[in-house]
Amino acid sequence: MRLIKPTERGLYVEPGDFYIDPWLPVERAVLTHAHADHTYRGSKNYLVSKEGERLFRTRLYNEGNIETLSYGKSTTINGVKVSFHPAGHVLGSAQIRVEYKGEVWVASGDYKLTFDPTCAQFEPVKCHAFITEATFGLPIYRWTKPEILFEEVNEWWRGNVEKGKATVIFAYSLGKAQRIMKSVDHSIGKIFTHGAVERLTRDYRETGVDLPPTKYVGEVADKKEFIGSLIIAPPSAQDTPWTRRFGAQSTGFASGWMRIRGARRRRAVDRGIILSDHADWDELLTAINATEAEQIWVTHGSIDILVRYLQSIGKDARPLETKFVGDAPETEIADGEEGD
Ligand SMILES: [Zn+2]
Ligand SMILES: [Zn+2]
């Protein structure tokens, strides 16, 4: 039985009559996480993780009937058992497990296995069929350990302090920004935020995530405060007059795409920080194996390459069409609305 099917509105669970991350309005939506390409407004009923509730309410403008379910707990929708399991991607991100007449499917949403101090760690879930993302589904994508990466970021920031410069990092405002502020060495200097980052950081704090003090850029009267500080802003703020207030500055862009030299050049920043909230090649294979799934459906990214590789090692793998696009390197996403 094909429990989860792609339709023009999104991934549809027919016996339960609900959709997972639908991109068009539906009667009942079950969401994996609050990134823009997974959380669309306009549906009537939403089921989201308890851990991500504040982020979802912000992203949905609190519209629709929003119900929550904690990780590991289950509910039944029209006879289909539904539960959420940590995906390790951003705060509240969930893999969605659905079970009907003994058949178990898991839709991963976006996920990573690397430790992230701002969200729950990925948990493998055994299933018959696993729908995996493949954003970075190429063997060239292998992430540096966060400890090593953030030591490099700290050194760069310290160097900028010595030169009397501000350090500006462009990073997605949901997830990446909070991971950066939590992971850098706060003793180096003050941390300031763009409004889009500050808004979501508040949701993180109100959910109970312990983050260092940050100050919204708009509340700073004396520009001298920015000297030697770290400013975290969404990619959409790059090359806008907004950045001029910081004076002499060194800029960085944090993304898995920074692995690619061309992407770094196009971004025209001083520093490419290879930091992703998605699984790298090894993590994808580890996660897929851990599910012990008989069938793997691949979506969101380097679909064909991952499908062919999985088939070559004897797995039943197939592509799955969806509209999750948030992470395409060419995609410019407005106003901190993002994916990667
Ligand atoms: Zn996504
Ligand atoms: Zn995402």
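Trainee: What makes E9 and E10 a hairpin?

Mentor: Two residues lie between these strands, and Lys101 in the turn has a positive phi of about 50 degrees. This is a predicted model in which local features need pLDDT of at least 70 and side-chain atom pairs count only at pLDDT 80 or more, while totals for chains, interfaces and linings use all residues. Residues are numbered from 1 along each chain as its sequence is written, with chains lettered from A and ligands numbered from 1 in the order written.

Trainee: How do you know that E9 and E10 pair?

Mentor: Pairing takes at least two DSSP bridges; E9 and strand E10 (residues 103-107) have five, in the antiparallel sense, so they count as paired. Ile96 stands opposite Ala107 in E10. E9 (residues 94-100) also runs antiparallel to strand E8 (residues 80-86), joined by six bridges, and Lys81 stands opposite Glu99 in E9.

Trainee: Why are E14 and E17 said to stand at the edges?

Mentor: Six strands form an open, parallel sheet in the order E14-E13-E15-E12-E16-E17. Strand E14 (215-216) and strand E17 (271-273) each have a single partner strand, so one side of each lacks a neighbour in the sheet. Each is a DSSP run of E, at least two residues; helices are runs of H or I, at least four.

Trainee: What makes you say that helix H3 packs on the sheet?

Mentor: Helix H3 (residues 176-183) touches E12, strand E13 (191-193), strand E15 (230-233) and E16, contact meaning C-beta atoms, placed from the backbone, within 7 Å. Its direction makes about 165 degrees with that of E15, on a scale from 0 to 180 degrees between N-to-C directions of lines fitted to C-alpha atoms, for helices over the stretch in contact.

Definitions and conventions:
Two residues are in contact if their C-beta atoms, placed from the backbone, lie within 7 Å.
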